[in-house]
Amino acid sequence: EILQKKRPNDWIFYLHTGKDKALNLCRGLAKIQNLVIEDAYNQLPFRQIALKTLSCDVFVFPSLLEGFGLPVLEAAAAKRPIICCNMAPLNEILRPGDAWFFPYTHIKPEKWQHPGVIAQLHEYRPEVLAETMEYAMDHPKESQERAARAYERSQAFHYLKVYKPLVAG
């Protein structure tokens with residue numbers, strides 16, 4: 001909504017949450033003109049997901065919760081500039097100069113259906129995310145420099161470097 005008001009023609013955002021889930025979280029999403037909600041993202045072949053990642057100018061990952069950080073690692077390997085929350089594991093995969101990290105304001109526990117499972121949601125101010133997105137759009141040279149550093153960092157997580165020591169152990 002913030003970018004829609006300030007810069008209506010400068011961006012398009014693909015959200016892969018799923019339409020029903022996204023609209024249940026925020027009914028206002030249906031009114032955003034430059035927002036495409038991908039309803040079948042989790043059913044797409046990996047190649048199509050990779051091509052979507054490659055096609056973006058900036059990979060924005062507004063997740064409140066992330067277990068392993070694979071989407072961010074994939075974006076780094078695709079040489080895309082990245083915007084994500086300053087939370088683990090994202091800030092363990094990438095360093096501050098590799099991506100734009102926006103801060104979270106607090107952690108909110110969320111109980112799941114399985115007994116004893118509690119997720120830690122990293123909540124943040126949407127204004128800060130929007131400002132970070134604007135900055136990335138306004139600084140394409142810096143975006144590409146960060147993308148190059150993120151790519152170099154992503155090579156440390158190449159499966160051959162990760163699995164060889166695991167299998168040898």
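Helices (H or I, at least four residues) and strands (E, at least two) are DSSP runs, numbered from the N terminus. This is a predicted model, in which local features need pLDDT of at least 70 and side-chain atom pairs count only at pLDDT 80 or more, while totals for chains, interfaces and linings use all residues. Residues are numbered from 1 along each chain as its sequence is written, and side-chain values use heavy atoms, with hydrogens and water left out. The points below cover salt bridges, helix packing, a surface patch and backbone features.

**Salt bridges**

- Side chains of opposite charge can pair when their charged atoms come close.
- A salt bridge here is a side-chain nitrogen of Lys or Arg within 4 Å of a carboxyl oxygen of Asp or Glu, and by this rule the count comes to 10.
- Arg-7 and Asp-10 are joined by a salt bridge of 2.7 Å, N to O.
- Arg-7 is buried at a relative accessible area of 14%, and Asp-10 is partly exposed at 43%; buried means under 20% relative accessible area, exposed over 50%, and partly exposed in between (1.4 Å probe, protein chains only).
- Arg-7 also forms a salt bridge with Glu-134, where the closest N and O atoms are 3.6 Å apart.
- Glu-134 belongs to helix H6 (residues 126-138) and Arg-7 to the loop between H1 and strand E1 (13-15), so this pair ties together parts that are 127 residues apart in sequence.
- Both members of this pair, Glu-134 and Arg-7, are buried.
- In another salt bridge, Glu-145 and Lys-141 have their closest N and O atoms 3.3 Å apart.
- Glu-145 and Lys-141 are 4 residues apart in helix H7, which means that about one helical turn separates them.
- Glu-145 is partly exposed at 35% relative accessibility, whereas Lys-141 is exposed at 62%.

**Helix packing**

- Helix H4 (residues 70-77) packs with H7 at an angle of about 115°, and their axes are 7 Å apart.
- Axes are lines fitted to C-alpha atoms, for helices over the stretch in contact, and angles run from 0 to 180 degrees between N-to-C directions.
- H4 and H7 are therefore roughly perpendicular to each other; angles of 65 to 115 degrees count as roughly perpendicular, under 35 as roughly parallel, over 145 as roughly antiparallel and the rest as oblique.

**Surface patch**

- A nonpolar patch on the surface is formed by Phe-157, Tyr-159, Leu-160, Val-162, Tyr-163, Leu-166 and Val-167, with about 720 Å² of accessible area together.
- Patches are made of residues with over 30% relative accessible area and no salt bridge; like charges are joined within 9 Å, and nonpolar side chains (Val, Leu, Ile, Met, Phe, Trp, Tyr) within 5 Å.
- Accessible areas come from the Shrake-Rupley method with a 1.4 Å probe, and for residues only the protein chains shown count as cover.
- Phe-157 sits in the loop between helix H7 (140-154) and helix H8 (159-168), and Phe-157 is partly exposed at a relative accessible area of 31%.

**Backbone features**

- Most residues other than glycine have a negative phi, and most peptide bonds are trans.
- Lys-79, although not a glycine, has a positive phi of about 60°.
- Lys-79 is placed in the loop between H4 and E4 and is partly exposed, with a relative accessible area of 43%.
- The peptide bond from Ala-88 to Pro-89 is cis, with omega near 0°.
- Pro-89 is in the loop between strand E4 (82-85) and helix H5 (90-93).
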